[in-house]
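User: I would like to learn how to read a structure one feature at a time. Could you take me through this one slowly?

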Amino acid sequence: MEMNPIEQERSPDIEDFVEDRISVASQRQLIWWRFKRHKVALVATAIVLAFYVIVVFADFLSTSDPSDSEAFRGLMPPQTVKVFDGWKPGLHVCAISGERSKITFQKEYTLDCTEKIPVRLFARGYQYKLFGVIPTDRHLLGMSDDTLRPEDHIYLLGTDKQGRDMYSRLLHGTRISLTIGLFGVGMSIVLGIVLGAISGFYGGLIDNLIQRLVEIVRSIPSIPLYMGIAAAFPSDWSILKIYFAITIIISLFAWTDLARVIRGRFLTMRDEDFVTAAMLSGASQRRIIFRHMLPSFYSHIIAAASLALPFMIIAETTLSFLGLGLRPPAISWGTLLQDAQNVQTIALTPWLMIPAIPVILIILALNFMGDGLRDAADPYSN
Amino acid sequence: MNIEQTESEILNTGTEPLLSVKDLKTYFFTDEGTVKAVDGASFDVQSGTTLGIVGESGCGKSITAKSILQIIDSPGRIVDGEVKFSRNGDAGRNLLEMKPNGSEIRSVRGGEISMIFQEPMTSFSPVHTFGNQIVEAIMLHSSLNNQEAHDLAVDWMSRVGIPNPEQRMSEYAYQFSGGQRQRAMIAMALCTDPKLLIADEPTTALDVTTQAQILDLLQSLQKQNGMSIMFITHDLGVIAEIADTVAVMYLGRVVEVGPVETIFSSPKHPYTKALLSSVPTVYAAPRERLPSITGAIPHPQNRPSGCAFHPRCSSYMSDICSVKEPDLVSVGTDQQASCFLYGRD
Amino acid sequence: MLGYLTRRLFYAGLAIWAVTMISFFIINLPPGDYVTSYVAQLAIQGSIIQADEADNLREFYGLDRPMYVQYAKWMNQILHGNLGFSFEFGLPVNDVIGERLLLTMILAAGTIVFIWLVAIPIGILSAVRQYSIWDHTFTFFGFVGLAVPDFLLALVMMYFAFVMFDFSVGGLFSPEYVTAAWSFGRGVDLAQHMIIPIIILGTAGTASLIRITRANLLDELRKPYVSTARAKGLSETRLILKYPVRLALNPAISMTAYILPFLVSGSIVVSVVLGLPTVGPILLKALVAQDMYLAGAIVFLIGSMTVVGTFLSDLLLVWADPRVQFEGR
């Protein structure tokens, strides 16, 4: 929301003594100090970073090829990894045996711990390219080579209707869900900064026009519009095309908040003395904007970005969940959750809802991180 | 031997002072450490007189004032001291013993002791009319009905010199000028006929002309209803004009107290001396450097040991000044200073 | 005051006009039109329509005229209260939408009331008792509420209701009231069924409002006028409610305007998941089927209602804080 500029001089107070120590530190140091004080924000940042590690190493961390489907292995329950076999250490999972129920004719699975499937670290698995370049087949976790039988498998989080490993799909879904967000945020940052800066710096008619635009965009509910636009994609578009198109659409709505903040800051800064000084010394307007004014916004921008990211993620997840965004075989959290659309499914196979957990986790983490950044971004306030 | 005498004992008027502050201590418990904003302040206010409290920024003047009425915001807390308020020359009650925000202290606040603040713009609620806020003060401390309170408020507004008072009652703070806002604040403070008005830097935010007007207004109102004023400021010129008695504060303690003429003509505490000599005067020789006090005010969390002023004192005595803290001792008729120059323990 | 309001009204009008243009544009984005998908549908079912028959259909429905003509005709129709014809349902759009729009608005309004009733007291309590156990608990729940997308919350609640209470969440009316006329009993039934959707829809908004109220109140509590009020002798409760709360409410009001579009958006998704008879599910159907008039009408109505709602809260804001109208920008 708008910040009130200090309204008049007031004679210094006890609290100002604390400021003395602060006034000699550099801006970045200040921000870092303040950020460090928020323990929660630090934890949140660690979580966010962990997620992005997953994005990079999705294949390495997976246990099976995410698109490898076997219909007869559909809807199997999770097999958790056990570290001890009786009393000896030995990574393994319990096998699953299934039989068709005479009543419902559905396959019912149970964990059968008499049969243990050994598991080891850095096992061999399906082929992939690390970082998209290095071909390898090593994965973090996998079955030991020697006991590979066709019916052996480890499904850490169970399987979906088509027998695909939920755990690996989840990891891959993280990739798409988190990177869509990044592109979208990038675009809306650009839009937000440009429009906000023009609006705040020039004022007058341009400012008015842009502000009206902001209001109009903000008063229109976004989801019906997303739905409309997304439904308009021809079904023959490639996944990638749809991916980028969705990104662009979402960012067309998401730039308004950042634009408002930037504009507000520009308006207050425009009247500051240092800008007048720069103008008087003959600097061009572009130079003033980019060299003098913009650097003080970086922290705001980062804070706004990390708060806009959850918005993107939720938007994409919702659209895909409704079937209007990414479609299979693309894997995102939204498409994964499509399987969990009704009560019966959830009641019988609750593990299909597991993709909800990373969604909630990353959004919480991003919010906390963004909050911490935003508090730290203004070292001179408060 | 430590001689601590209150002003009244020195003056021997036989009546208790209206307000007697003894050894007030207010600390702020922050994450960065404890800040001893007020660390043993003592002074008196006699009925019908004006006490000026003067000191540099951050010496604890405002906190002292707020402590009297117990309106300190957390993380601040009054940890020690006594504030005796006696209306009729009787023994008086210790304000600090009253329950914080209880009904007793609330009847004192605004009723018997009123306070005006430095920033009249932000001291009024921006979304309530003036009339609303002044009438509220009246109704809190009297049994007048709405209409009577309204009329009283209008009356006071004109007494403080606000033109068109009736119309002003339904206006908002941002529609007034700075000087008028301060006048309105004075009206709001005095409409309940308090015995003591605490004025916390009321003229600091005003231009010189308006400042003079407000000071005149305060003095004339004082003559009219005989109230006492506790006037806080960092401006020695204002003190000279308005105060009868002066208390000089440094880092949370009162270092010197006495009648205004005596303080100005023969200051005893080294800090007071230095303060007075750093005021530019017409009589100084041309092209002479303006003397200033060496050093800077220490951070309240880094209080110097012993006498807080010793690092900057030109009369520093190494054997005692950094070791023990001096108390107020008598240094003349009606005058006290806390300095070992005038008596060691 | 009047000038400010006329300006806001004018901009609201502009926004609505923009909504109509966007709605119309969206509807015509997909290649082909309703006839195309209708033909494709029929083809799957086995009956083939020849190209010239399809063209006749187009002419019949006016789909062969240039865009701006179609738009003008559509706008003209709307202004006459005729929202068009739904190809998918074979009914006038007004009939298809029927009371769904009303229910959507009741849901949105109910959610706003819920949000205010819950969030403001909690926000005040959190600010006044800062760092207490209440503050931390509420802050935590607030964050969780903010982080969970609406549809997820709907799913989770459906799951728990079903598994723990054997209670099937869905719909806004009990079977006997679905097609009944409006009555007091129906209203009560509606209210009972609306509780869960409102809670789901309202969590994010409540969380936001709690945070904003708390933050603003904390700011206001530090301001000088609070000291003045205390120095006048007001009791803590009275002075907090009368002064800083009053000022902290202003950002709360403008925030309400801000979340209205999100509420409406969210209600669409939640009603799809929960199967509520509001506008959401049929919008989805209409879009998938490229049923132009229906989808366009819904987007237009929803968008306009939201703009109107935003305008109304602007009015509220001006009444609450007279300073707003002097913002020269």
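Analyst: We can begin with contacts, where two residues count as touching if their C-beta atoms, placed from the backbone, lie within 7 Å. Among the contacts in chain A between residues at least 6 apart in sequence, 70% join residues that are at least 24 apart. Please keep in mind that this is a predicted model, in which local features need a pLDDT of at least 70 and side-chain atom pairs count only at pLDDT 80 or more, while totals for chains, interfaces and linings use all residues. Residues are numbered from 1 along each chain as its sequence is written, and chains are lettered from A, with ligands numbered from 1, in the order in which they are written.

User: What pLDDT does chain A average?

Analyst: The pLDDT is the predictor's confidence in each residue, on a scale from 0 to 100. Chain A averages 71, and 65% of its residues score at least 70. Over residues 1-22 of chain A the pLDDT is below 50, and this stretch has 32 contacts in the model beyond near neighbours in sequence.

User: How many helices and strands does chain A have, and what percentage of its residues count as buried?

Analyst: Helices (H or I, at least four residues) and strands (E, at least two) are DSSP runs, numbered from the N terminus. By that reading, chain A comes to 13 helices and 4 strands. A residue is called buried if 20 or more other C-beta atoms lie within 10 Å of its own, exposed if 12 or fewer do, and partly exposed in between. Of the 382 residues of chain A, 40% count as buried.

User: At what angle do the axes of α3 and α4 of chain A cross?

Analyst: Two packed helices are described by the angle between their axes and the distance between the axes. The axes are lines fitted to C-alpha atoms, for helices over the stretch in contact, and the angles run from 0 to 180 degrees between N-to-C directions. Helix α3 (residues 39-61) and helix α4 (residues 166-202) of chain A have axes that come within 8 Å and cross at roughly 140°. Angles under 35 degrees count as roughly parallel, over 145 as roughly antiparallel, 65 to 115 as roughly perpendicular and the rest as oblique, and α3(A) and α4(A) are therefore oblique to each other. The residues making this contact include A:F51, A:Y52 and A:I54 of α3(A) and A:L171, A:H172 and A:T174 of α4(A). For the classes, Ala, Val, Leu, Ile, Met, Phe, Trp, Tyr, Cys and Pro count as nonpolar, Asp, Glu, Lys and Arg as charged, and the others, Gly among them, as polar. The contact of α3(A) with α4(A) divides into 8 nonpolar, 3 polar and 1 charged residues.

User: How far apart are the axes of α12 and α14 in chain C?

Analyst: The axes of helix α12 (residues 244-274) and helix α14 (residues 292-320) of chain C are 9 Å apart, and the two helices pack at an angle of about 175°. α12(C) and α14(C) are therefore roughly antiparallel to each other. Among the residues in contact are C:L249, C:N250 and C:I253 of α12(C) and C:I302, C:T306 and C:G309 of α14(C). By class, this contact has 10 nonpolar, 7 polar and 1 charged residues.

User: How many residues does the contact take from chain A and from chain C?

Analyst: The contact takes 36 residues from chain A and 44 residues from chain C. On the side of chain A that touches chain C, at least two residues each are supplied by α5 (204-219), α6 (222-231), α10 (298-322), α12 (343-348) and α13 (356-377). The largest share of that side, 8 residues, comes from α6(A). The residues of the chain A side divide into 25 nonpolar, 7 polar and 4 charged.

User: Where is B:P270, and is B:P270 buried or exposed?

Analyst: B:P270 has its place in helix α12 (residues 270-277) of chain B, and B:P270 is buried, with 23 other C-beta atoms within 10 Å. The C-alpha atoms of B:P270 and B:C339 are separated by 8.1 Å, although the two residues are 69 residues apart along the chain.

User: Which loop holds B:N164, and what is the phi of B:N164?

Analyst: B:N164 lies in the loop between α6 (146-159) and α7 (165-168) of chain B. Its phi is near 55°, a positive value in a residue other than glycine. B:N164 is exposed, with 10 other C-beta atoms within 10 Å.
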